[in-house]
Amino acid sequence: MTKWIILFSILYLGLLVYISLRSKKKVKSPADYIFAGSNIGSALGFMTFAATLFSTFTLMGMPDFFRINGVGAWIFLAVSDGALVFLIVWFGFHLRKKVSEKEFSGISSLLQSSFGNKIAGYVYFAGVFIFLIPYVAIQIRGVSIFLHATFPAFLPVWGWALAIVVIMLIYSEIGGLKAIMYADSFQGLILLTVIWIIAMNCLRWFDGFENMFAAVEKANAALLSVPGPEGLFNVQFLVASLLVIMLIPVTQPQLTTRIVVMKNLKETHKMAIGVGIFANLIIFPTVILGYYGAVRYPTESTADFIAKVLLFDQPGIVAALAIIGLVAAALSTSDSQIFALGTEFRSLISGPDRKVMLRTRLAIIFFGIAALVFSILSSDELVMLARVSFAGTALLAPMIFTAVFSGKRSGPMIPVATFACLVIFISSLLGWIPDQLFHIRMDLLLLLFLGVFSLLVNLFSRNETNEK
């Protein structure tokens, strides 16, 4: 396997260097650097969107999630991602219409303009920072613990994490968003190819789908139904998960930016369809990997299970490609989110272009370091940490919907309520307050409250305007 790893690593790093330098030549202005010229076609658009959306937990977290919790994970992931595609089409139309009225510099700036105060922008930035930094960190940690388990004598976990962050920051700083998009597209293809090759090898071990399900039923029949062996997939979990996942394109800046920079609405719709197809193509093989683990490695730790299914049970060339695929998956999400945080930071500051861009680049480095530190301290529960990140950013959705769909400045009430709900949700995660109220999950309850509250505030604002 070693010779294949060396070969693939050289090719992969060489490609990243080429992409960075080629993209740098096309950067003629700060807008080119931050928004890739706002002229992205559907092919590049859906590949970069999909690669950003599906990351390390696709290859590491999702198979383990199926292994432990069973078929309900399909409802949790595939059905929710189908709804997400609808949101891209519907919300994308209205967001592009909104930003066409004035120059787009970031969601934070759009919120400040729409609400007529700075509170909304700062609340949004604080929310995405608090929940995206841990999400980036779990991508980095996921691949780092895997690489450490594979090569325990080479580097410690933090050493692998540092190497990943350095690579990510170098090509992001050199080529800007266009370099990230090209790199994401290539990384997405690697991930899709790797996961299907490994899934087919696992299915061959079962000798077909029918035998696979029979073996799983014999090993643990609860894996074939909901709520699953752990009782995780109850109605509230599935409903709450559906809402928070479908709201990702609304609340996470790395994805809203990709909607805005598409060439036109037609290309945006094509991009959405491509994302839906990619989602199903990449989620389905993780079922096979998960059930393979449920039968062969039901009691192994996450790290040991992933190491065996991706490396030790595969031919050397496939195992080497899996390692490159994992690194690529970590980079394709981490670079986009760190860069998006830099974009949002830029939209909150003003001054000469040169000074603003310098501060933005420094902020991107700072966010990368923050993600590195958190990756060293975070746990190994990749999928659940990812879901917490989605749930946290989902609380920003009512405020964003108000900014996009309402033509009135409703004042600071919605941003203040959103901030209060973020504090409550974080408190429930830390165990300071209960994570349920009236037998309803806290994240679902807060999201419903903010939705109703925002609607009432907007209705009141309209009535007040009409009376005047």
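What volume does the largest cavity have? I find about 80 Å³, where a cavity is a set of points on a 1 Å grid over the protein atoms alone at which a 1.4 Å probe fits but cannot get out, and a volume is the space filled by probe spheres set on the points, joined across faces, edges and corners.

This is a predicted model, in which local features need pLDDT of at least 70, side-chain atom pairs count only at pLDDT 80 or more, and totals for chains, interfaces and linings use all residues. Residues are numbered from 1 along each chain as its sequence is written, and side-chain values use heavy atoms, without hydrogens and water.

I looked up confidence next: pLDDT, the predictor's confidence in each residue from 0 to 100, averages 85 over the protein, and 96% of the residues score at least 70. Over residues 463–468 pLDDT stays under 50. Where pLDDT is low, the predicted coordinates should not be read in detail.

I then searched the whole structure for disulfides (cysteine sulfur atoms within 2.5 Å) and found 0. Cysteine 202, at 1% relative accessibility, counts as buried, and cysteine 421 is buried at 3%; buried means under 20% relative accessible area, exposed over 50% and partly exposed in between, with a 1.4 Å probe and protein chains only.

Last, I noted that proline 229 is partly exposed, with a relative accessible area of 31%. Beyond its neighbours within four places in sequence, proline 229 is in contact (heavy atoms within 4.5 Å) with Ile68, Asn69, Asn220, Ala222 and Leu223.

Definitions and conventions. On a 1 Å grid over the protein atoms alone, a cavity is a set of points where a 1.4 Å probe fits but cannot get out, and a pocket is an open set with protein on both sides within 12 Å along at least five of seven lines; lining residues have an atom within 4 Å of a point.
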